[in-house]
Amino acid sequence: MAYQTKMLFRDSLDDIGDRSGHGSYCSSPDMIVHSLVKNPQSAFGTNYSSDPNERIDTSSRTNAIYTRVKSMQGADGMTNGYIRVYRANSSLFMNTDQWKNNKLRTPDGKEYVTVSTARNGEIAVGNDILVVDGTKPNFCMVGIVNDSVQETLPNKFSRYSDFVMWVHNERSVAVRNFSLCNSGQKYDSESLYAFSNPESKARLGSILVEASGLPRGTVFGLVNTDVGLDKSVVFDPDNPAKRQVTDSAFLEAGFSGYVKIYAKLPEGQIWPARASLVTTFWIGAEEMEEMVQFARPVHQVLLDRSALDSLDRGNGGRLVKVGFCETLYV
């Protein structure tokens with residue numbers, strides 16, 4: 001009973017299964033919401049380089065999720081995997097307790113689908129679909145491939161570093177956020193994302209919102225005044241500093257709360273197709289933490305000079321990405 005280390009369940013299209021490219025992201029192309037197809041292996045086994053995901057039908061209780069993996073076995077021989085997908089509320093820190101009790105099931109009630117490969121490099125599609133109820137809110141998914149029918153779950157994480165190392169080390173673990181919105185409409189956008197500090201000490205955290213494809217003049221930002229997060233900017237596609245907004249705060253030990261991400265369109269504008277708001281949660285890395293190997297210098301992440309100055313003083317100028325959510329208009 002363990003993770004199926006001989007199969008890759010990608011976090012993104014660029015994920016090739018190594019530790020540097022596999023991590024806590026929300027765009028796995030291997031959990032696919034799609035209308036029913038006649039031959040799933042043919043449909044999704046031959047387009048591995050693309051993401052054929054479709055928007056969840058929020059009026060339907062029976063949205064189909066197809067799954068696929070790539071074999072990374074060293075020698076020929078039949079290899080089996082058992083895929084479970086768990087549903088969570090929209091969160092920038094997907095700790096185990098948020099999703100472990102929310103397994104998706106097949107139409108006949110089974111809690112996993114199976115995949116089988118015989119040679120390195122083969123693409124295998126799950127032998128059945130998993131079903132997600134679109135009438136319920138929030139579509140963050142965690143997928144795990146096991147090497148047997150027994151479920152394998154991590155304990156609840158009490159340190160950011162342990163969580164980051166789990167998602168980077170386990171190529172059979174992936175995350176997907178299915179938040180796709182209709183373009184061509186006019187309304188203000190608001191999303192609430194959970195974030196927390198599982199540790200027994202305060203930690204410096206940063207929320208970064210990166211916008212693309214918005215109408216010029218859109219006001220977007222983030223707010224949780226209780227912890228001191230409250231920043232906004234007016235979107236300007238020609239100015240990189242006006243395409244992102246960030247704020248930082250020390251999160252007390254055991255903190256649990258939400259950040260609101262919002263965008264307000266200029267008068268008379270509508271949401272264009274491919275407009276996107278990407279929200280990431282970063283933690284200041286400490287020298288002796290194992291996750292520091294995945295840290296990036298602050299100046300490579302944030303453009304806000306005031307944020308740069310405070311973070312440089314607080315943690316030596318290195319940040320590690322802990323979570324990621326995206327709202328995309330299609």
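Helices (H or I, at least four residues) and strands (E, at least two) are DSSP runs, numbered from the N terminus. These labels are used in the legends below. The model shown is predicted.

**Figure 1. Glu-151 sits in a loop between a strand and a helix.** Glu-151 counts as partly exposed, because its relative accessibility is 25%. Its side chain makes a polar contact of 2.7 Å with the side chain of Tyr-86. Glu-111 is also shown. Along the chain, Glu-151 and Glu-111 are 40 residues apart.

**Figure 2. Tyr-86 belongs to an aromatic cluster.** The cluster also takes in Phe-93, Trp-99, Phe-157, Tyr-160, Phe-163, Trp-166, Phe-195, Phe-255 and Phe-281. Tyr-86 is the residue whose side chain meets that of Glu-151 in a polar contact. Across the structure, the count of aromatic pairs comes to 16. One of these pairs is Phe-157 with Phe-163: the ring centres lie 5.4 Å apart and the planes stand at 80 degrees, so this pair is edge-to-face. Phe-157 is buried, with a relative accessible area of 10%. Phe-163 is buried too, at 3%.

**Figure 3. Arg-10 lies over the face of Tyr-48.** The view shows a charge placed over an aromatic ring. The distance from Arg-10 to the ring centre of Tyr-48 is 3.4 Å.

**Figure 4. Arg-68 is buried in strand E3.** The strand spans residues 63-71. Arg-68 has a relative accessible area of 0%; the cut-off for buried is under 20%, so Arg-68 counts as buried. The side chain of Arg-68 has polar atoms close to two backbone oxygens. For the backbone oxygen of Phe-44, the distance is 2.8 Å. For the backbone oxygen of Pro-29, the distance is 3.1 Å.

**Figure 5. The largest cavity holds about 90 Å³ of space.** Of the 13 residues in its lining, Tyr-25, Met-94, Val-175, Gly-323 and Phe-324 are the closest to the centre. Strand E19 (residues 318-329) gives the largest share of the lining, with 3 residues. By residue type, the lining of the largest cavity divides into 10 nonpolar, 3 polar and no charged. In total, the structure holds 2 cavities of 30 Å³ or more.

**Figure 6. The second largest cavity holds about 30 Å³ of space.** Its lining is made up of Ser-189, Ser-191, Tyr-193, Ile-261, Leu-277, Thr-279 and Thr-327. Two strands, E11 (189-196) and E17 (276-284), each give two or more residues to this lining. E11 gives the most, with 3 residues. The lining of the second largest cavity divides into 3 nonpolar, 4 polar and no charged residues. Rolling a probe the size of a water molecule over the atoms shows where empty space is left.

Notes: Residues are numbered from 1 along each chain as its sequence is written. This is a predicted model: local features need pLDDT of at least 70, side-chain atom pairs count only at pLDDT 80 or more; totals for chains, interfaces and linings use all residues. Side-chain values use heavy atoms; hydrogens and water are left out. Rings of Phe, Tyr and Trp (its six-membered ring) pair if their centres lie within 6.5 Å; planes under 30 degrees apart count as stacked, over 60 as edge-to-face and the rest as tilted. Buried means under 20% relative accessible area, exposed over 50%, partly exposed in between (1.4 Å probe, protein chains only). A charge sits over a ring if NZ of Lys or CZ of Arg is within 6 Å of the ring centre and within 35 degrees of the ring normal. A polar contact is a pair of N or O atoms within 3.5 Å; within protein, one must be able to donate a hydrogen and the other to accept it, and residues adjacent in sequence count only if both atoms are side-chain atoms. On a 1 Å grid over the protein atoms alone, a cavity is a set of points where a 1.4 Å probe fits but cannot get out, and a pocket is an open set with protein on both sides within 12 Å along at least five of seven lines; lining residues have an atom within 4 Å of a point. Grid points are joined across faces, edges and corners, and a volume is the space filled by probe spheres set on the points. Ala, Val, Leu, Ile, Met, Phe, Trp, Tyr, Cys and Pro count as nonpolar, Asp, Glu, Lys and Arg as charged, and the others, Gly among them, as polar.
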